[in-house]
Amino acid sequence: MPSRQSTPGIHPWLVDTETKLVRGEAAFRACLELQRQGFHPDVVIAHPGWGESLFVKEVWPDARLAIYCEFFYQAHGADVGVDPEFPDGPFPRARMRAKNFNNLLHFDLADAGISPTRWQADGFPSPMRDRIAVIHDGIDTDLLVPNPAVALAFSTPSEKVTIRKTDEVITFVSRDLEPLRGYHRFMRALPEILQRRPHARVLVVGGDGVSYGPRPDPARFGARSWKQIFLDEVRDALGPQGMARVHFLGRLSHADFVSVLQISSVHVYLTYPYVLSWSLLEAMSVGCAIVASDTAPVWEAVVHDETGRLFDFFDPGQLAQEVCALLDDAGARARLGGNARLFAQGNFDLRKVCLPRQLHWLHGIAGSPLRS
């Protein structure tokens, strides 16, 4: 366990780095205890994002250290500075650069790295990028299957709702409902979608906080959450009838989440250029007809009009058009959903694709010489 917390009053750009040092020290002491018990690993695999692996080599200098290279913070071209609605000045960009201190320290230690997508790997600077293998974590495509018999039941303040695969259902999923995952753009498309599709229902899955992006500026938005801010924005345009067809389900168990995907007629996925969500790949495995934002790294999974439809992240009208076009075309939905499932099985299946590649990568590290 960490022996201390962050220092009160420390420079705010250093809080992140100090937190990682505190965790790294705690892990270092735990590794020393393992060493005293006679444990001497050949390979240590770590996610360096929280700092625990910073001092592994001080305990086991002959062990090969392999790290999970999830994200290298960018001052431009990724999650910072891409949305003109939320302009970033020089201070957030400087803070992003400071957040890479931990990444940079690990580059000097790591013998190898692994990233789930090419876009994530390419965000890391050379020479670290040259040591990164691109292998996805993998999803269970045997569990994530189409299910035409699925039904989903829930209660609202005014009614009990049961939705079946034969109903017209638009789904949107994010760990938390925030701009980084395009929640604001999705909500702005709903008035047109629901006006054009009078029988459609919308299922929105996600929490009421933030997972990746910043919290709302209270000076601009008051004490409201992102979910409430953009729901309030479209409330009048939706009207009472539209609002009654938009269902916020919160965070769900994985089994219920899979049912939501299985019941979906059209699944919408949006993101800034950022880490690709597992939910998109799971939706593909289930056979969803997907409408996704035309942003990296979505391109590694969704090929326009082959495994889904792509649209301009900043154009809610185009999003509405693509969703309604697919709702009008059962044949296109079946074709895109079938292709999406085949693509997920061929590229992201855990047991048949990703795990064998991961094991091959691991054996290669174990048999390779240490970096000098």
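Predicted model: local features only at pLDDT ≥ 70, side-chain atom pairs only at ≥ 80, totals over all residues.

Is F313 buried or exposed? F313 is buried, since its relative accessible area is 3%.

Let me turn to the aromatic residues. A pair of aromatic rings is described by the distance of the centres and the angle of the planes. In this model, the count comes to 17 aromatic pairs. One of them joins F39 and W60 in an edge-to-face arrangement, with 5.9 Å from centre to centre and 85 degrees between the planes. This pair links distant parts of the chain: F39 sits in the loop between α1 (15-36) and β1 (43-46), whereas W60 sits in the loop between α2 (56-59) and β2 (64-68), and the two are 21 residues apart. Their surroundings can be stated residue by residue. F39 has 44% relative accessibility and therefore counts as partly exposed. W60 has 7% relative accessibility, so W60 counts as buried.

While F313 is buried at 3%, F314 counts as partly exposed because its relative accessibility is 38%. There is also an aromatic cluster in the model, formed by F71, Y73, W119, Y212 and Y274.

Helix α6 covers residues 183-196 and helix α11 covers residues 316-327. Their axes come within 8 Å and cross at roughly 45 degrees, which means that α6 is oblique to α11. The crossing of these two helices is right-handed. On the α6 side, the contact is made by R185, F186, R188, A189, E192, I193 and R196. On the α11 side, P316, G317, L319, A320, Q321, V323 and C324 take part. Sorted by class, the contact of α6 with α11 has 8 nonpolar, 2 polar and 4 charged residues.

The next contact is that of α9 with α10. The axis of α9, residues 254-263, comes within 9 Å of the axis of α10, and the two cross at roughly 60 degrees. The helices α9 and α10 are therefore oblique to each other. Here, too, a handedness can be assigned: the crossing of α9 and α10 is right-handed. From α9, the residues H254, F257, L261 and Q262 meet S279, E282, A283 and V286 of α10. The contact of α9 with α10 divides into 4 nonpolar, 3 polar and 1 charged residues.

Helix α10 also packs against α12. Which residues does each helix span? Helix α10 runs over residues 278-286 and helix α12 over residues 330-348. Their axes come within 6 Å and cross at roughly 120 degrees. In this case α10 passes α12 in a left-handed crossing. The α10 residues L281, M284 and S285 meet G337, A340, R341, F343, A344 and F348 in α12. By class, the contact of α10 with α12 has 6 nonpolar, 2 polar and 1 charged residues.

G337 counts as buried because its relative accessibility is 3%. Leaving aside residues up to four places away in sequence, G337 touches M284, G287, C288 and A289. A further relation concerns P146: G337 and P146 are 191 residues apart in sequence, yet 9.4 Å apart in space, C-alpha to C-alpha.

Finally, I would draw attention to the backbone. Where does the model place P127? P127 lies in the loop between α5 (118-122) and β4 (132-134), and the peptide bond from S126 to P127 is cis, with omega near 10 degrees. Another cis peptide bond runs from A296 to P297, with omega near 0 degrees. P297 is located in the loop between β11 (290-293) and β12 (309-311). The loop between β11 and β12 also holds D305. Although D305 is not a glycine, D305 has a positive phi of about 65 degrees. With a relative accessible area of 31%, D305 is partly exposed.

Thank you for your attention.

Definitions and conventions
Residues numbered from 1 in each chain as written. Heavy atoms only, no water. Axes fitted to C-alpha atoms, helices over the stretch in contact; angles between N-to-C directions. Helix = DSSP H or I, 4+ residues; strand = E, 2+ residues; numbered from the N terminus. Left-handed = near helix turned anticlockwise from the far one by under 90°. Contact = heavy atoms within 4.5 Å. Nonpolar A, V, L, I, M, F, W, Y, C, P; charged D, E, K, R; others polar. Phe/Tyr/Trp six-rings, centres within 6.5 Å; stacked < 30°, edge-to-face > 60°. Buried < 20%, exposed > 50% of the residue type's maximum accessible area, 1.4 Å probe, protein only. Parallel < 35°, antiparallel > 145°, perpendicular 65-115°, else oblique.
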